[in-house]
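This report describes selected features of a single protein chain. The sequence and the structure are shown first, and the description follows.

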Amino acid sequence: MPTHLKPGDKAPEFSARSWDGSTVSLNDYKGDRDVVLFFYVRDNTSGCTREARALRDIADELGKRGVAIVGVSTNSIESHARFAENNELPFPLLADEDGSIAEDYGVLRSTGTAERSTFLIGRDGRLQFVWPKVTVTGHANDILNKVDELT
């Protein structure tokens with residue numbers, strides 16, 4: 001199912017546990033930081049690993065621009081912890097084990113996993129841009145370019 005969300009829409013609220021045991025919600029960032037919310041299929045798969053590493057590599061640049069990164073997949077907290085530690089990921093990975101966050105964003109596949117998609121959410125809680133069905137190659141640069149274009 002393709003996402004039904006578009007720029008200008010209010011981003012669905014989310015709250016879930018991250019790999020480090022903390023609970024992360026969209027409200028944590030409102031009024032303070034924009035959010036790159038990226039959905040990916042599985043921890044430790046080749047495409048998802050390349051995507052997470054590419055985002056890791058631009059995390060400092062995004063941070064300088066006032067943008068936080070949050071990853072979401074249907075994997076468990078334990079799986080996320082191994083994935084984050086093995087790849088030195090400096091951002092939260094939320095365990096959406098029941099698929100409810102992916103469903104709210106319109107990216108839950110019939111397999112019960114999330115479709116690779118990215119949402120840029122403004123400080124006001126509204127979507128600034130949506131990348132449906134992401135191709136990993138060049139995606140991190142596309143995000144940086146879009147952030148620069150919108151600021």
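## Terms and basis

A residue is called buried when its relative accessible area is under 20%, exposed when that area is over 50%, and partly exposed in between. The structure is a predicted model.

## Residues with positive phi

N44 has a relative accessible area of 44%, and therefore counts as partly exposed. This residue lies in the loop between β3 and α1. Its phi is positive, at about 65°, although N44 is not a glycine. Most residues other than glycine have a negative phi.

A second residue of this kind is E88, which is not a glycine and has a positive phi near 50°. E88 follows α2 and is placed in the loop between α2 and β5. Its relative accessibility is 62%, so E88 counts as exposed.

Which residues of α2 are buried? They are I77, S79, H80, A81, F83 and A84.

T74 is located in the loop that runs between β4 (67-73) and α2 (77-86). Because its relative accessibility is 11%, T74 counts as buried. Apart from neighbours within four places in sequence, T74 is in contact with V41, R42, D96, E97, G99, G112, T113 and A114.

The position of T74 can also be set against that of T135. The two residues are 61 residues apart in sequence, and their C-alpha atoms are 19 Å apart in space.

## The pairing of helices α1 and α4

Helix α1 comprises residues 46-64 and helix α4 comprises residues 139-150. Their axes come within 9 Å of each other and cross at roughly 30°. Since angles under 35 degrees count as roughly parallel, α1 is roughly parallel to α4. The crossing of the two helices is right-handed.

On the α1 side, the contact is made by E51, A54, L55, I58, E61 and L62. On the α4 side, H139, A140, I143, L144 and V147 take part. By class, the contact between α1 and α4 has eight nonpolar residues, one polar residue and two charged residues.

The structure holds 10 salt bridges. One of them is formed by K64 and E61, with the closest N and O atoms 3.3 Å apart. Both K64 and E61 lie in helix α1, three residues apart, which is about one turn of the helix. An α-helix has 3.6 residues a turn, so residues three or four places apart point the same way. K64 is exposed, because its relative accessible area is 66%, whereas E61 is partly exposed, with a relative accessible area of 31%. E61 is also among the residues of α1 that make the contact with α4.

Another salt bridge joins D148 to R65, the closest N and O atoms being 2.6 Å apart. This pair links distant parts of the chain: D148 is in helix α4, R65 is in the loop between α1 and β4, and the two are 83 residues apart. D148 counts as partly exposed at 36% relative accessibility, and R65 counts as partly exposed at 27%. Through salt bridges that share partners, E61, K64, R65 and D148 are joined into one network.

## The salt bridge between K30 and E13

Which residue forms a salt bridge with K30? The partner is E13, and the closest N and O atoms of the pair are 2.5 Å apart.

Terms used:
Residues are numbered from 1 along each chain as its sequence is written. This is a predicted model: local features need pLDDT of at least 70, side-chain atom pairs count only at pLDDT 80 or more; totals for chains, interfaces and linings use all residues. Side-chain values use heavy atoms; hydrogens and water are left out. Helices (H or I, at least four residues) and strands (E, at least two) are DSSP runs, numbered from the N terminus. Buried means under 20% relative accessible area, exposed over 50%, partly exposed in between (1.4 Å probe, protein chains only). Contact means heavy atoms within 4.5 Å. Axes are lines fitted to C-alpha atoms, for helices over the stretch in contact, and angles run from 0 to 180 degrees between N-to-C directions. Angles under 35 degrees count as roughly parallel, over 145 as roughly antiparallel, 65 to 115 as roughly perpendicular and the rest as oblique. A crossing is left-handed if the near helix is turned anticlockwise from the far one by less than a right angle, and right-handed if clockwise. Ala, Val, Leu, Ile, Met, Phe, Trp, Tyr, Cys and Pro count as nonpolar, Asp, Glu, Lys and Arg as charged, and the others, Gly among them, as polar. A salt bridge is a side-chain nitrogen of Lys or Arg within 4 Å of a carboxyl oxygen of Asp or Glu.
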